[in-house]
Amino acid sequence: MRDVVLSRPGVASARISATASTQRYAVDDGTGATVAIAVTAGCQADCPNAEPQQIADFVGTLIHGPEIELLTIQLDTPFQLGLDCGFEAEACYYSGQNRIVISGDAWTGIDGATREFVIAHEYGHHVAQHRDSPAPFPRAIDWGPPYWSSYEHVCQGSRAGKLYPGDEGAHYFSDPGEAWAESFAHYRFPEAPVRWRWLPALRPTPAAFRAIRADTLTPWLARRSFTLTGHFRARSAAVEWLRTPLDGQLSVRPSGLRHHSYWLILRSPAGRVLRTSRQGLGPHRQLNYTVCGQSRLRLVVKPTHRSASTFKLRIQRP
């Protein structure tokens, strides 16, 4: 495996970390940001290639946001790395500690991945740890951040049983959280001779790289709210098109009602009914639907009364 994501270290790992000497190093990105590098006692004695400042300089070359200041990179001996991360992993990320653990010795993995490539992969996990996912999806560290996961159809793949968010066991190479991190590393090293071992459908493309950049530099923060108004003719329905560029929960509710309520029908572009209100929606009720791969939806609004009037709807979308 490239790595494993853990919440917190066990007893043996905590003892190894307790021996580490930690110092902050400038990442030389022009912002004054620093990163903490912790070198274990064993690595101080036996890792001639540790070079903390060189590692900090490299981290500064990765696209990043303010989460960089929260990061600690721990340098282990190869044996300590096995105790910390498992003897089949090249590194690990402790999400509860914002800590990357990697060998202090330089090496090239069997698939051509350098130590810097693996650090970039781990930093991808660190970015995802500090990005939000739209409801009702899992954490971004398991699912992938919103722009990338929507582009890569993670919701559809998960529903179809082709992707397994957060499963780093038998489905490691079908875990979108790991595919995100590996894609993040390929963004930094697009020419690296590292074989893509995840699902072919998740192999990064230029559009995927644009999504990675957006998730990192201009991340999604919350659902967008806007108001949709229209007009009913007597005994007729109104049809409105909704753009849904990101997956996640879409909510529609009447706004500013006085005397009337509406029936709502949400359809796919092809006309298939996706969700309907079971009764007329008043101002305190709403229609919810999880967008999963659709870039736009058709909203049909029917009055519960028979006279011509206007309608006003409050829309929230990812």
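The answer below takes the disulfides one by one and then turns to a sheet.

Tutor: Please bear in mind that this is a predicted model. If the bonded cysteines are counted along the chain, the pattern of the links reads 1-2, 3-4, 5-6.

Let us start with Cys43 and Cys47, which are joined by a disulfide with an S to S distance of 2.3 Å. The torsion about this S-S bond is about -120°, and therefore the disulfide of Cys43 and Cys47 is left-handed. To judge whether the two residues are buried, one needs a cut-off: buried means under 20% relative accessible area. Cys43 has 1% relative accessibility, so Cys43 counts as buried. Cys47 has 7% relative accessibility, and so Cys47 counts as buried too.

The next link is between Cys85 and Cys92, where the S to S distance is 2.1 Å. The angle about the S-S bond of Cys85 and Cys92 is -55°, and this link is left-handed. Both Cys85 and Cys92 are buried.

The remaining disulfide is formed by Cys155 and Cys292, whose sulfur atoms are 2.1 Å apart. Here the value about the S-S bond is -115°, which again belongs to a left-handed link. Cys155 lies in helix α8, residues 154-159, whereas Cys292 lies in the loop between β12 (287-291) and β13 (296-303), so this pair ties together parts that are 137 residues apart in sequence. Cys155 and Cys292 are both buried.

Four strands make up an open sheet, and their order is β8-β13-β10-β11, with antiparallel pairing. At the edges stand β8 (238-243) and β11 (273-276), each of which pairs on one side only. From one strand to the next, the twist averages 25°. Within this sheet, β13 pairs with β10, residues 262-267, in the antiparallel sense over six bridges. Opposite Leu264 stands Val301, a residue of β13.

Conventions:
Residues are numbered from 1 along each chain as its sequence is written. This is a predicted model: local features need pLDDT of at least 70, side-chain atom pairs count only at pLDDT 80 or more; totals for chains, interfaces and linings use all residues. Side-chain values use heavy atoms; hydrogens and water are left out. A disulfide is a pair of cysteine sulfur atoms within 2.5 Å. Buried means under 20% relative accessible area, exposed over 50%, partly exposed in between (1.4 Å probe, protein chains only). Helices (H or I, at least four residues) and strands (E, at least two) are DSSP runs, numbered from the N terminus. Two strands pair if DSSP finds at least two bridges between them. Axes are lines fitted to C-alpha atoms, for helices over the stretch in contact, and angles run from 0 to 180 degrees between N-to-C directions.
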